[in-house]
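Subject: Structure handover

Hello,

Here is the structure I promised you. My notes follow below it.

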Amino acid sequence: MKSLSAAAIAEMVKGTVIGDAAKTCTGVAGVRDAQDNTISFVGSKKYQHQLETTAAGIVLINKDLEKEPLNGRTFVVCDHVDLAFAKVLEFFAPEPVVYAPGIHPAASVDPTAKLGKNVHIGACAVIDRNAEVGDNTVILPGAYIGVEAKVGSDCYIAPNAVVMFRCTLGNKVVLHPGVVIGGDGFGFIPGPQGLVKVPQTGIVEIGNDVEIGANTTIDRARFGKTRIKDNVKIDNQVMVAHNVEIGESSILVAQCGVAGSAELGRGVIIAAQAGVNGHITIGDGAQVAGTSGVVKSLPAGAIAMGTPAEGQREFMTRYTLPKKVEKLQAKINELAAEIEKLKAEK
Amino acid sequence: MKSLSAAAIAEMVKGTVIGDAAKTCTGVAGVRDAQDNTISFVGSKKYQHQLETTAAGIVLINKDLEKEPLNGRTFVVCDHVDLAFAKVLEFFAPEPVVYAPGIHPAASVDPTAKLGKNVHIGACAVIDRNAEVGDNTVILPGAYIGVEAKVGSDCYIAPNAVVMFRCTLGNKVVLHPGVVIGGDGFGFIPGPQGLVKVPQTGIVEIGNDVEIGANTTIDRARFGKTRIKDNVKIDNQVMVAHNVEIGESSILVAQCGVAGSAELGRGVIIAAQAGVNGHITIGDGAQVAGTSGVVKSLPAGAIAMGTPAEGQREFMTRYTLPKKVEKLQAKINELAAEIEKLKAEK
Amino acid sequence: MKSLSAAAIAEMVKGTVIGDAAKTCTGVAGVRDAQDNTISFVGSKKYQHQLETTAAGIVLINKDLEKEPLNGRTFVVCDHVDLAFAKVLEFFAPEPVVYAPGIHPAASVDPTAKLGKNVHIGACAVIDRNAEVGDNTVILPGAYIGVEAKVGSDCYIAPNAVVMFRCTLGNKVVLHPGVVIGGDGFGFIPGPQGLVKVPQTGIVEIGNDVEIGANTTIDRARFGKTRIKDNVKIDNQVMVAHNVEIGESSILVAQCGVAGSAELGRGVIIAAQAGVNGHITIGDGAQVAGTSGVVKSLPAGAIAMGTPAEGQREFMTRYTLPKKVEKLQAKINELAAEIEKLKAEK
């Protein structure tokens, strides 16, 4: 059974022990579930109170939380508790599940498909004609790689994920289960006999080191490309419409949506359930709060919230309006009284 | 052809007939589509007007709606019309679709997987290595049960649902099509070379009698467990993030989302398209209105609405603010006039 | 390599050339990505500025944008630039991907299923017992057609789409990847031993020429039918609950949701991320703005926005309230000053 002493942890994470350096634990747990034999962490002042209540034997804490250990528990003070705890987690992590190279007999690989070295193709996965799969890529059961699609090397395509025809993935791309890359963009024009479909003849192009969460959908371009650039991280159930461009290292959190032809810069963060209108631009490093609806372009570094989205100050002014109106009400009553007085005094 | 008389219905649902007890119908229909030969229902005063317009031959109604039958139609008055009508529906329900025990020759069951008695495994379903499936469980075509995952007995796993490695389901669990259990949680930390993935080494643990709607996603814990407790009912396209805990008999309605490490108590209701922030607590029996965004913890029994979510009174104050401001405007004009008068009178 | 001259384009789209009729391009591109050898378009005054910056060799523009061509570029002026550009796109479109008639040896078609002429059934697609598939329909890998389900002719069922038992699709229906037709409706009643499931014994009935986007879910009726009528177009990740009725040629944009038993008329537009309450009616041609939450019925032609949704005027009054309150504040200060003056003057 694996175990770590406070001293060993301190060495591992370049931290300092407060309390019993010999204290040893055999696992990790959240601060709520922790026992005396488990290691936990508290990362920010906001959760400092949990230091009083947790039963964890060893607690990793951030420098700014440094304090005397309580009820005989031991602290390890770190510069960056998240990264530090990640190391401890790695140490205790269960044996990773490995998918060895090889093609399952129940997989269906078209004879015209090109497979790299050491690929794993699971049962009932389908690689369609002229598709290409790079070295060391893992394609799990029920996943589909479409006609003439290209998947790079060292990719992980989870069960029942779909990559439609001609779309391209870079290297080290992760698609979680149920992801759909390259469904048709949504384009219809009112015609004499009703809605006429606008042909969606483009593709989706995904860069390197991109991770895409379960059941997220990214539509192919009307023409040209829908682009997801390097290092973009997308959560579950996100909707990216046709011809959108997502800049490097941007983050799209769960259930948000980006409408057609919107252009996001680098390092943009769109929080959960937010929406971005079509044909607008979001500048580098801009951040959109959860559930917000962004209707016009945002400059680099902007912070937007609410629907229609506005700056933090405008948002707070709006949010605190009821209080302000109450004060006005009081002031008005006061003035009315003074006027009565003046009238009486005449 | 099945048929029921008003008398028979009254006996079946312990209700009382008003009108022609011998009146007989051969089917059920919604109040709008109903014909003279179909049975329908009206459950609440809100829909009482439909009693005037429906063509239904027999109408089940709640006690509080009791009234003379109209245009020769017959009423059956019940204590609980929903439960009563459910019984009638059951009577007329089409022959249920049965999936007989057996493993389809096109299914792919790893030799190391353990299957219980009387399981049904559909075509192109995949049971991966060391996975376990309990007695009488039905796994339909294209579904995937991952490495070392455990599915209890009497479960129903619909087509193309996915249970990832090591996740566990209790008994009588229903997963509708496209559900994803155990995709990675969404965790990335800014590092020197860009975003660093936080390993997601935990699992999802689902209790007994849980039902999960189509294309809903529940992420595995960063470490430890994401917990869905007994009797929880989740609708379609709901997002439950890593390390969330959903208490017994809670209800999550379509397209809502619960962010990482949030803790919901028992009997909580999160309505459609609402969002719950990470790391907060929702007390037992609390209810969140549709589309609301809950940003801070709620006590037991709380009712929250709006974004950021607040109590019903605060919400209504905010909602009716335009009217209030109009009144202030009028009052101010009035005072201005009086002041003019006072000045003139000097 | 395909190429088109400005003159040829003008003839193709019944437009008029401004500039060099002999100018020839070899492809199409968005106005941002365009080169001198590519054709692009600008459709509305809103994007007129792009005419100054684009490098496109030929630009299709709407009549109302007519102007002198700039820096030697050539314009083709059209009545309807969208339809016109669609024709040009078609000309340059890559060879379409064709799925030839035939049943893949790795497909699984139940012996009792009825297949029409010239159907394509992909690898690991499953056609369950007594299901019917019409002529010329394409069913791609991993898709599932359930027990006694009916799919019309000339349909396109994308990979991993699911049609559950007894549901019916008309002709020329398109289901994109991951679509789920006929998951159970969400209905539970509090009973003595907790939540009791309301049996969902109805079906989903989809008309002709309906297109449904990736990972959208449409639930089967509690009883009777959930109805999607002819020519309805639904985007990705839309949720349509049980017993909903969507009128002809209505449009549901990405991530919106329609709750149980709501009835939408013809030509209704529900924009992205909006929600429609259950048991209400949306009149013909009504439009709901993105992210709005509609809580009560809307008449034909209505425009609704905000949550709870209201008319445009009410919405703007609410939206501009902070400014109005500021003005009141100023006015009040003014009156206060006058009162002081009056008091001093006594």
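Start with the second largest cavity. Its lining divides into seven nonpolar, six polar and no charged residues. There are 13 lining residues; A:Cys124, A:Gly142, C:Cys124, C:Gly142 and C:Asn160 lie nearest the centre. The volume is about 90 Å³. Bear in mind that this is a predicted model.

In total, the structure holds six cavities of 30 Å³ or more. The largest cavity has about 110 Å³. It is lined by 17 residues, and those nearest its centre are A:Asn160, A:Gly178, A:Asn215, B:Asn160 and B:Gly178. That lining has eight nonpolar, nine polar and no charged residues.

Last, a helix pair in chain A. H1 (residues 6–13) packs against H3 (residues 81–92) at about 120 degrees, and the axes are 9 Å apart. H1(A) is therefore oblique to H3(A). The crossing of H1(A) and H3(A) is right-handed. From H1(A), the contact uses A:Ile9, A:Met12 and A:Val13. H3(A) answers with A:Ala84, A:Lys87, A:Val88 and A:Phe91. By class, the contact between H1(A) and H3(A) has six nonpolar residues, no polar ones and one charged.

Best wishes

Methods:
Residues are numbered from 1 along each chain as its sequence is written. Chains are lettered from A and ligands numbered from 1 in the order in which they are written. This is a predicted model: local features need pLDDT of at least 70, side-chain atom pairs count only at pLDDT 80 or more; totals for chains, interfaces and linings use all residues. Side-chain values use heavy atoms; hydrogens and water are left out. Axes are lines fitted to C-alpha atoms, for helices over the stretch in contact, and angles run from 0 to 180 degrees between N-to-C directions. Helices (H or I, at least four residues) and strands (E, at least two) are DSSP runs, numbered from the N terminus. Angles under 35 degrees count as roughly parallel, over 145 as roughly antiparallel, 65 to 115 as roughly perpendicular and the rest as oblique. A crossing is left-handed if the near helix is turned anticlockwise from the far one by less than a right angle, and right-handed if clockwise. Contact means heavy atoms within 4.5 Å. Ala, Val, Leu, Ile, Met, Phe, Trp, Tyr, Cys and Pro count as nonpolar, Asp, Glu, Lys and Arg as charged, and the others, Gly among them, as polar. On a 1 Å grid over the protein atoms alone, a cavity is a set of points where a 1.4 Å probe fits but cannot get out, and a pocket is an open set with protein on both sides within 12 Å along at least five of seven lines; lining residues have an atom within 4 Å of a point. Grid points are joined across faces, edges and corners, and a volume is the space filled by probe spheres set on the points.
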